[in-house]
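Have the sequence and the 3D view open as you read.

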Amino acid sequence: MIYIEEVNKGMQYLNENENTIFVGQAVEYKGTALTRQVKDFSPEKLLELPVAEDFQAGFCLGLALEGKIPVSLYPRMNFAILAANQIVNHLDKWSVMSDAESRPKVIMKAIVGSQYPLDPGHQHKANYSQAFKDMCDTIDVVELLYPEQILPAYKKALDRDDGISTLLVEHGDLYR
């Protein structure tokens, strides 16, 4: 199994669901490794946003409350830190705040930045998987280290019916 091929299978699996919508930067326009992962998807399933990570997370929560399954794409794990307010204080606590009457599901994907062939600097290659695990009570944080983990994790994130959101953490250096 090859890591990036499994990632592409997972993304295609998500794309096949009529309720998914892919949200983030470089979704419609070139710019990151994520651009290549959605390049063949219908334009109606892609929503380009400005660099406003906190807004993106809150916006995706709103989409989920309306019955969509947003796939919120963060090209670097460091960018998810900027969205931590919405992820930790709102999305993670939503079912508790609503006494489980409302259980919006968001699938988030964050990439630990690759160090090769060019080191992007410390602000673009951190891994905050454990920090998110420690901060979140209801979000399933899944760090994808091996190709055989990827497709099952994507399927679980999409197919689960318990209203649990998922943060899929991939490693850019494993894309090669």
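## Ground rules

Contact, here and below, means heavy atoms within 4.5 Å. With that in hand, take Gly172: leaving out residues up to four places away in sequence, Gly172 touches Ile111, Val112 and Ser114.

This is a predicted model, so local features need pLDDT of at least 70 and side-chain atom pairs count only at pLDDT 80 or more, while totals for chains, interfaces and linings use all residues. Residues are numbered from 1 along each chain as its sequence is written, and side-chain values use heavy atoms, with hydrogens and water left out.

## Gly172, after β6

Gly172 sits in the segment after β6 (166-171). Helices (H or I, at least four residues) and strands (E, at least two) are DSSP runs, numbered from the N terminus. Is Gly172 buried or exposed? With a relative accessible area of 10%, Gly172 is buried; buried means under 20% relative accessible area, exposed over 50%, and partly exposed in between (1.4 Å probe, protein chains only).

Gly172 and Ile139 are 33 residues apart along the chain, and their C-alpha atoms are separated by 22 Å.

## Helices α1 and α8

Two packed helices are described by the angle between their axes and the distance between the axes. The axes here are lines fitted to C-alpha atoms, for helices over the stretch in contact, and angles run from 0 to 180 degrees between N-to-C directions. For helix α1 (residues 3-15) and helix α8 (residues 147-159), the axes come within 8 Å and cross at roughly 15°. That makes α1 and α8 roughly parallel to each other; the cut-offs are under 35 degrees for roughly parallel, over 145 for roughly antiparallel, 65 to 115 for roughly perpendicular, and oblique for the rest.

Who meets whom? On the α1 side you'll find Tyr3, Glu6, Val7, Lys9, Gly10, Met11, Tyr13 and Leu14, and across from them in α8 are Pro147, Ile150, Leu151, Tyr154, Lys155, Leu158 and Asp159. Sorted by class, the contact of α1 with α8 has ten nonpolar, one polar and four charged residues. In this scheme Ala, Val, Leu, Ile, Met, Phe, Trp, Tyr, Cys and Pro count as nonpolar, Asp, Glu, Lys and Arg as charged, and the others, Gly among them, as polar.

Helix α3 (residues 53-65) packs against helix α5 (residues 84-91) at an angle of about 35°, with the axes 7 Å apart. From α3, the contact uses Asp54, Ala57, Gly58 and Leu61, and from α5 it uses Asn85, Gln86, Ile87, His90 and Leu91. By class, these residues divide into four nonpolar, four polar and one charged.

His90, in helix α5, is partly exposed at a relative accessible area of 29%. Setting aside neighbours within four places in sequence, His90 is in contact with Leu61, Asn85 and Met97. His90 and Leu174 are 84 residues apart in sequence and 31 Å apart in space, C-alpha to C-alpha.

## Phe132 in α7

Next up is Phe132, in helix α7 (residues 129-135). Phe132 is buried, at a relative accessible area of 0%. Which residues does Phe132 contact, leaving aside its neighbours within four places in sequence? They are Met77, Ala80, Ile81, Ala84, Ile87, Val88, Val141 and Leu167.

Phe132 and Asp162 lie 30 residues apart along the chain, with 20 Å between their C-alpha atoms.

## The cysteines

A disulfide is a covalent bond between the sulfur atoms of two cysteines. The test used here is a pair of cysteine sulfur atoms within 2.5 Å, and the structure holds zero disulfides.

## Loop residues

Asp99 has a positive phi of about 50° although it is not a glycine. Asp99 is found in the loop between α6 (94-97) and β4 (107-112), and is exposed, with a relative accessible area of 64%. Ala100, in the loop between α6 and β4, is another non-glycine residue with a positive phi, near 65°. Ala100 counts as partly exposed, at 41% relative accessibility.

Asp40 has its place in the loop between α2 (33-38) and β2 (46-48). Asp40 is exposed, at a relative accessible area of 65%. Asp40 and Lys109 are 69 residues apart in sequence and 18 Å apart in space, C-alpha to C-alpha.
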